[in-house]
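Please examine the sequence and the three-dimensional structure shown below. The paragraphs that follow lead through the two chains and the contact between them.

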Amino acid sequence: MAVKSPAGTAMRTLFLFLLVSLIVLLVYSVLTTLIGDRAIRSLQIRVGLYQGLRLFIEHLIPIQATAMLLAYSLFFNSRVYEATRAGPGTGRSFHGFVSRTVVLIIVLTSVYTFLYTSSLPLIQRKLQELEYLNRSAQSFLSDAKDAEKNKQLDQAHFFYNLYLSIDPDDREVLEKRAKIVEEIAVSNRESKEKTKPTEQQEIEAQRGFSTEELLGKAGQYMQREDYFSAHYYASLVLAMDPSNQDAENIRIRAWEQLTGYLPSKSDTVATELFEAKLEGLTALEEGKTIDAYYQFKSLSESYPRDVDVIEFLEESRRRMSEISFFEDEVQPTLALPGITGITFLNGGSQDGTNTRRAGTQVVYLNRTVNTPNGIYFHGIEILDFSRDGRLMLHLTAPYGKLVENHINMQCLHRSDPENTFYPKYEAGGPGEKGHMVALNQKIQHLPYYNPDRKSIYRMGISELWRIRDSYERAGYDRQDIEMEFLMRILNPFLFLVVSLLAVSMGWANRARYLGRPPLLTYVMIPVLPFLVSNVIDLLVHAHRILLGFIFVTLSFTVALVLLIALQAVLLVISLLVLAGQITD
Amino acid sequence: MGLVRKSLILPLLYLFNFLIVVILIAGLDLLYRIGIAPAEQGVAVINMIPYSVKQVLPAACISALLFTFLRMVKKPGSHLLSLLLLMTTASAVLIFSEIGVSLIEREQPARTLNASNVLKPGVFHVYGEGLLYVEEIEGDSLERVVNVRQKIQYLPRTEARLTGNTIAIDMSLHSEPALEFPAITIRERIFRPVISLGWFLRDYAILTDDLSTLLEQRGWEFYLLCVSLIFFVLGTNMWMRITRWPLFNFLLVVLIIRGVFFLYAYVRLNLANELGKLFEGSILAKNLPSFGLLLLGLLFILAEALFVPYDRLSKDGGE
């Protein structure tokens with residue numbers, strides 16, 4: 001019977017073990033996500049799958065090492081073992097078994113390098129996005145329930161809508177929203193009915209005066225040449241007593257006066273429109289863009305076909321977009337994925353000249369959402385203090401938008417000028433550019449400037465290298481980035497060295513079963529990756545101490561050179577150990 | 001090679017393993033201690049060497065025994081003689097090296113930290129879910145302090161207090177309690193191990209602290225703990241031959257020893273104190289971890305004698 005190649009067995013074992021590990025980790029992650037209630041329904045499976053992939057790549061070194069150990073210590077072909085025991089020189093040479101495996105290990109190291117340095121940060125980012133959505137959804141649901149409890153139906157409806165934009169298939173919430181819509185409709189009907197008696201009461205109140213009193217008032221207004229009021233009070237008297245001749249006389253005289261010098265109705269309308277347009281145009285020319293916008297917006301509702309109104313409304317809207325944005329642009333972004341807690345120093349200039357301002361400016365962005373329409377911020381706080389500790393500026397703004405490298409905090413309601421969201425200044429006030437603050441950090445780096453320690457893990461290796469200077473300028477410790485870079489470089493080398501050593505160790509300590517190993521042995525296999533993981537943790541920590549020591553006492557560059565040199569030495573040792581294995 | 005000769009080689013091999021392991025681990029520990037020392041305080045490396053060696057002695061003794069087990073599996077020699085020789089050698093090495101190092105060890109200066117060791121000026125310090133920014137630090141005096149946690153708080157100046165392993169920043173200007181977080185120095189952050197290893201190092205530190213304390217007391221408890229520890233590790237030799245798969249057996253022994261460190265820490269921190277209160281002055285309660293190790297070691301050795309052939313996986317014996 002032909003003897004199967006141990007290298008073939010090793011490869012089959014390796015791929016089977018990697019596949020089983022991946023499946024186990026995916027199932028474990030999906031189940032823990034489902035049980036743990038960490039994600040809303042529509043996100044649960046996705047979060048679980050990404051978690052599983054993350055765990056798999058993060059633990060690929062112990063998994064791969066275990067697979068190699070198993071392949072060469074337990075699952076090699078027993079007939080080969082018999083041949084090796086036939087006597088010195090009768091077995092096949094070990095390098096014959098292992099040469100193909102070494103090539104495979106090199107290929108797998110390349111795959112691991114790609115997964116670890118490029119795919120893992122992407123998965124981390126995706127997970128962050130999903131976690132953000134999950135947190136937002138839970139917060140919206142909680143706010144909606146609170147609002148519902150407090151009978152704030154509009155608020156509850158708003159938050160249920162936001163929640164459903166993330167999880168549109170949640171039947172329970174869909175039913176709740178439908179119920180709220182119904183309640184709002186009933187409430188609106190009731191409030192309309194309630195308002196009727198109030199209007200009646202007002203008329204009654206007006207009519208609370210006696211005809212004599214109202215007539216007296218009409219006479220007084222006539223004397224003061226206030227013909228509008230005189231006509232109004234005279235009309236009220238006539239409504240109560242149509243036969244009152246004095247009231248009739250006042251009404252006629254007042255009307256004569258009014259019609260005597262007022263232009264015709266069409267003239268009035270044209271004049272009013274002209275004056276209103278002139279007012280808007282003047283505001284636009286004086287740079288009062290917001291006043292101009294609301295003026296033309298209001299006119300467009302009364303004169304939607306007026307060419308001037310259309311033209312100037314468009315012009316004011318264009319200018320507005322440079323200095324402000326609308327609330328209805330921001331609201332939908334609440335339910336979009338974003339990043340929380342971005343905090344950075346906004347002092348350094350972006351062109352790399354690093355000309356620091358006289359003081360220090362700290363910017364806090366509670367939520368940042370990137371959309372095709374622009375980058376929006378929710379909950380902005382900016383603090384600026386001088387070198388002598390004086391507070392120069394402290395503002396909070398509910399919303400902001402990135403406009404030409406400025407954080408624009410002038411948020412307007414599309415039609416209601418009273419309903420605007422301007423920053424509140426606890427210290428200082430608007431600067432030369434109004435409610436706008438120049439952003440002196442690269443926008444693409446902002447997601448990494450937050451208290452979440454995992455944010456470093458979301459950077460690819462090239463990003464880690466490029467961001468070093470900006471990271472420091474943003475007020476973060478450069479040593480964190482550089483140490484992470486060293487450890488990130490270490491892992492692919494470790495993968496290669498550990499895999500080679502695992503082959504040697506597995507072979508040197510191979511099982512002495514002549515037939516199939518007992519069933520109990522297979523039961524023990526799942527324990528192995530945990531044990532191997534502990535040993536690898538020790539190895540990584542030893543590297544961390546050595547590299548950290550060089551890093552803090554000498555420099556990052558020396559640590560990097562030492563890392564490469566040390567890995568080269570370890571690689572040579574692992575190859576020598578492998579070459580030294582014997583089959584006898 | 002005769003059985004006796006194989007057994008006689010074991011103590012020498014153990015000593016060799018011990019030396020290699022001590023040099024390696026103590027070297028790393030020394031680098032760690034120099035690395036975390038505040039840059040401005042300077043480091044007396046010579047003074048640190050005995051301290052580092054002392055910290056790693058139990059780990060080196062145990063690791064050297066494990067590596068010796070690998071040879072015992074292949075070339076077992078005489079069972080009883082091997083056990084007796086290793087027991088004597090390893091116990092003597094642990095006891096005398098602990099005593100010897102403590103004699104030459106100079107008292108380490110107490111760790112005197114101030115805010116500038118924990119916080120870096122001009123850099124955000126991450127604590128929990130918040131960030132603390134201090135622009136200038138002089139001793140414990142902080143200038144231009146910004147605390148960011150959902151909102152920004154600003155203090156033109158304030159003071160930091162370091163008590164034990166905690167730093168507290170006075171936030172009274174904002175009528176809020178002091179901001180408190182663990183005082184991990186800037187350099188310590190670089191050397192921080194992964195969580196699972198951190199747990200192991202914590203458990204291990206409890207054992208080394210116990211050894212140091214008992215040694216200072218100059219009582220017989222110190223010898224009891226050293227002997228118990230070695231006796232227990234020797235007992236785990238049984239597991240090196242529990243299956244016909246040496247690699248698995250070795251990793252199993254590593255797991256058992258890791259488990260015992262955890263158990264030791266648990267018993268020491270919880271059960272021993274409770275029992276000490278119940279049975280005041282009781283020797284058993286006071287030395288519960290040591291007696292526990294002895295008992296476990298005894299059980300393993302008995303099981304080995306009864307159920308696991310000593311030459312099961314040897315090149316000459318077994319199947």
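Helices (H or I, at least four residues) and strands (E, at least two) are DSSP runs, numbered from the N terminus. One example is helix α18 of chain A, in which A:Phe530 lies. This is a predicted model, in which local features need pLDDT of at least 70 and side-chain atom pairs count only at pLDDT 80 or more, while totals for chains, interfaces and linings use all residues. Residues are numbered from 1 along each chain as its sequence is written, and chains are lettered from A and ligands numbered from 1 in the order in which they are written.

Let us begin with chain A. Chain A contains 19 helices and nine strands. A residue is called buried if 20 or more other C-beta atoms lie within 10 Å of its own, exposed if 12 or fewer do, and partly exposed in between, with C-beta atoms placed from the backbone. By this rule, 35% of the 584 residues of chain A count as buried. Two residues are in contact if their C-beta atoms, placed from the backbone, lie within 7 Å. Among the contacts in chain A with a separation of 6 or more, 67% are between residues 24 or more positions apart.

A:Phe530 counts as partly exposed because it has 14 C-beta neighbours inside 10 Å. A:Phe530 is 464 residues from A:Thr66 in sequence, yet their C-alpha atoms are 9.2 Å apart in space. A:Arg171, in turn, belongs to helix α7 (residues 171-206) of chain A. A:Arg171 is exposed, because 8 other C-beta atoms lie within 10 Å. Between the C-alpha atoms of A:Arg171 and A:Phe495, which are 324 residues apart along the chain, the separation is 47 Å.

Chain B comes next. There are 10 helices and six strands in this chain, and 39% of its 319 residues count as buried. Its C-alpha atoms fill a box of roughly 80 × 45 × 40 Å, taken along the principal axes. Chain B is divided into domain 1 (3-110 + 193-307) and domain 2 (115-184), with bounds that come from an automatic or database domain assignment. The centres of the two domains, taken over C-alpha atoms, are separated by 41 Å.

The strands of chain B can now be considered. Strands of a sheet pair through backbone hydrogen bonds, either parallel or antiparallel. Two strands are said to pair if DSSP finds at least two bridges between them. In chain B, six strands form an open sheet in the order β1-β2-β3-β4-β5-β6, with antiparallel pairing. Strands β1 (123-127) and β6 (179-182) of chain B stand at the edges with a single partner strand each, so one side of each is left without a neighbour in the sheet.

Within this sheet, strand β3 (residues 141-149) of chain B and β4(B) pair over eight bridges, and B:Val145 has B:Leu155 in β4(B) as its bridge partner. These strands form a hairpin with one residue between them, where B:Gln150 takes a positive phi near 65°. Strand β4 (residues 151-163) of chain B also pairs with strand β5 (residues 166-169) of chain B, over four bridges. B:Leu162 is partnered by B:Ile167 in β5(B), and B:Ala160 by B:Ile169. The hairpin of β4(B) and β5(B) has two residues between the strands, and B:Gly164 in the turn has a positive phi of about 60°.

Finally, the two chains meet. The contact takes 42 residues from chain A and 43 residues from chain B. On the side of chain A that touches chain B, α18(A) gives the most, with 15 residues.
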